[in-house]
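Subject: Structure handover

Hello,

Here is the structure I promised to pass on. Please open it next to this email and follow along.

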Amino acid sequence: MRPNVLLLCTDQQRFDALGAYGNPHIATPNLDRLAGEGVLFENCYVQNPVCAPSRASLMTGRYVSTHGLHANGVDIDPGAEMVTKLLADDGYDCGLVGKFHLGACFAGRSEPRLDDGFRVFRWAHDPYPGSSENAYHRWLRAAQPDLHARARAGEVGWDELPTEAHYSRWIGDETIEFLRSGRQDGKPFFFVANFFDPHHGFGAPPEYRARYDAAALPPRVGTDGELSSKPPIFTEASKDSYAGYARGFADYTDDELDEVRAAYYAMVTLVDDEVGRILDALDAEGLADDTVVVFTSDHGEMLGDHRLMLKGPFHYDCAVRVPLIVRWPGRFAPARRPELVQWVDLAPTFLDLAGAAPSPLHQGASLRGLLTGGDPTWRDWALCQYRDSGHSYDPPVHATMLRHGRWKLVVHHGAPASTRERTGELYDLETDPDELVNRWADPAHCETRLTMQEKLIDVLVGIEDRSRPRLAHW
């Protein structure tokens with residue numbers, strides 16, 4: 001039996017912004033129930049801490065250095081192989097609602113359509129009017145014209161619209177409509193519901209924001225003077241986020257930082273309620289037992305930790321480690337898996353579950369073995385590549401993260417001919433899980449750093465694209 005696959009993806013959700021990941025301060029009962037019924041991966045890493053490069057790795061099953069969409073605002077190669085196209089060619093009915101972001105969407109641009117295999121394509125990059133016209137705007141204008149006009153006039157914030165008009169509710173409604181009446185008969189489906197929350201800017205419907213007392217939430221992670229031992233770009237980014245295009249940590253008051261966290265939690269709770277509605281619809285349509293539900297996010301959010309906001313050239317776990325939950329009732333026993341898994345593993349997993357042929361272009365590996373009890377041959381590392389991926393700093397920032405065992409290495413690259421001293425990060429996640437103490441320049445950890453750097457070189461050689469077949473000896 002070929003299962004349906006329902007991929008629920010949020011934008012900018014840290015791994016710890018879920019009750020199931022040990023956060024007692026956030027209300028996520030529906031996702032916690034999903035985790036209790038499925039397999040929760042404790043250490044899932046994305047391939048880039050910024051939206052578009054990360055999403056390209058999801059859709060292509062390839063690392064950033066291979067798929068080439070190295071930064072936001074870059075269009076992916078129009079001939080890139082999409083996992084949804086492979087599934088569609090193999091008999092799946094594919095659909096998407098919400099964000100996609102494999103192309104430039106700024107200043108009124110509409111993302112170029114690819115040979116992506118989606119029969120249903122209800123694209124809406126975000127809820128705001130500044131990027132481009134999209135399906136959400138058209139729905140809101142038709143369903144609630146007065147509210148749409150007020151939002152366009154700036155009388156009410158797009159993030160703070162009533163729940164029944166909110167972007168996250170629209171994602172829920174469109175997904176439920178597909179499950180109830182939008183599917184093609186006789187075909188399994190692969191449907192992607194891409195929420196925009198909890199992406200900034202930090203607002204939620206009043207009834208959700210009211211559920212959190214900002215002053216009662218846990219304090220931010222960090223210590224005074226912490227950034228003095230970190231790469232200098234962190235001090236710059238603490239003053240001005242996005243290379244000066246957004247407020248930096250230093251511009252926020254303590255009360256404002258508390259408010260940001262409360263709004264962020266409220267956005268997650270709103271998404272959780274929509275996930276609950278979607279799961280109820282699966283049950284009502286008799287689809288739950290035949291559907292693999294996957295919940296994840298494209299990257300995390302600094303949220304004031306380490307004196308940083310938003311995202312950028314940061315490889316802290318709160319920026320690059322994300323939730324990953326997979327449920328298939330009766331097939332995958334509930335479990336928590338500690339292995340290091342990555343977003344490049346999702347595309348080969350989808351093909352494997354669908355019984356489709358694997359792609360020779362995929363650089364990840366199917367998670368099926370881990371989902372069904374264990375895989376002793378599973379890789380022991382995770383890789384993340386930042387290549388001037390967000391707003392560009394001067395000089396551009398390029399950094400590579402390797403997680404291996406208890407250690408995390410982040411190399412901040414300079415120009416090959418530069419005499420500038422190379423900087424980086426080295427964290428012992430066993431003794432320092434909050435990544436407060438940078439061991440990069442610690443003489444006592446010199447051997448560990450060199451070992452990790454050698455491992456990184458081997459990993460980078462291992463992920464080079466050698467997918468084209470050799471036809472003869474010469």
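Is Cys-51 buried or exposed? Cys-51 counts as buried, because its relative accessibility is 2%. (Buried means under 20% relative accessible area, exposed over 50%, and partly exposed in between, with a 1.4 Å probe and protein chains only.)

Some ground rules before the rest. This is a predicted model: local features need pLDDT of at least 70, side-chain atom pairs count only at pLDDT 80 or more, and totals for chains, interfaces and linings use all residues. Residues are numbered from 1 along each chain as its sequence is written, and side-chain values use heavy atoms, with hydrogens and water left out.

**Cysteines**

A disulfide is a pair of cysteine sulfur atoms within 2.5 Å. By that rule the count is 0 disulfides. Cys-94 counts as buried, at 0% relative accessibility.

Helices (H or I, at least four residues) and strands (E, at least two) are DSSP runs, numbered from the N terminus.

Start with H6, residues 145-152. Its buried residues are Leu-147, His-148 and Ala-151. Seen down the axis of H6, they fall within an arc of 100°, so they line one face of the helix. (The arc is that of the directions from the helix axis to the C-beta atoms.) What do the buried residues of H6 pack against? They pack against helix H5 (135-143). Contact here means heavy atoms within 4.5 Å. After H6 comes Gly-154, with a positive phi near 80°.

H5 also meets H7, residues 167-182. Their axes come within 11 Å and cross at roughly 95°. That makes H5 roughly perpendicular to H7. (Axes are lines fitted to C-alpha atoms, for helices over the stretch in contact, and angles run from 0 to 180 degrees between N-to-C directions. Under 35 degrees counts as roughly parallel, over 145 as roughly antiparallel, 65 to 115 as roughly perpendicular, and the rest as oblique.)

On the H5 side, the contact involves Ala-135, Tyr-136 and Trp-139; on the H7 side, Tyr-167, Trp-170 and Asp-173. By class, this contact has 5 nonpolar, no polar and 1 charged residues. (Ala, Val, Leu, Ile, Met, Phe, Trp, Tyr, Cys and Pro count as nonpolar; Asp, Glu, Lys and Arg as charged; the others, Gly among them, as polar.)

**Backbone points to check**

Most residues other than glycine have a negative phi, and most peptide bonds are trans.

- The Asp-197 to Pro-198 peptide bond is cis, with omega near 0°. Pro-198 lies in the loop between strand S5 (189-194) and helix H8 (206-209).
- The His-200 to Gly-201 bond is cis, with omega near 15°. Gly-201 lies in the loop between S5 and H8.
- Ala-243 has a positive phi near 55°. Its place is the loop between strands S6 (240-241) and S7 (246-247). At 27% relative accessibility, Ala-243 is partly exposed.
- Leu-310 is not a glycine, yet its phi is positive, about 60°. Leu-310 counts as buried, at 3% relative accessibility.

Best wishes

Note on methods: The arc is that of the directions from the helix axis to the C-beta atoms.
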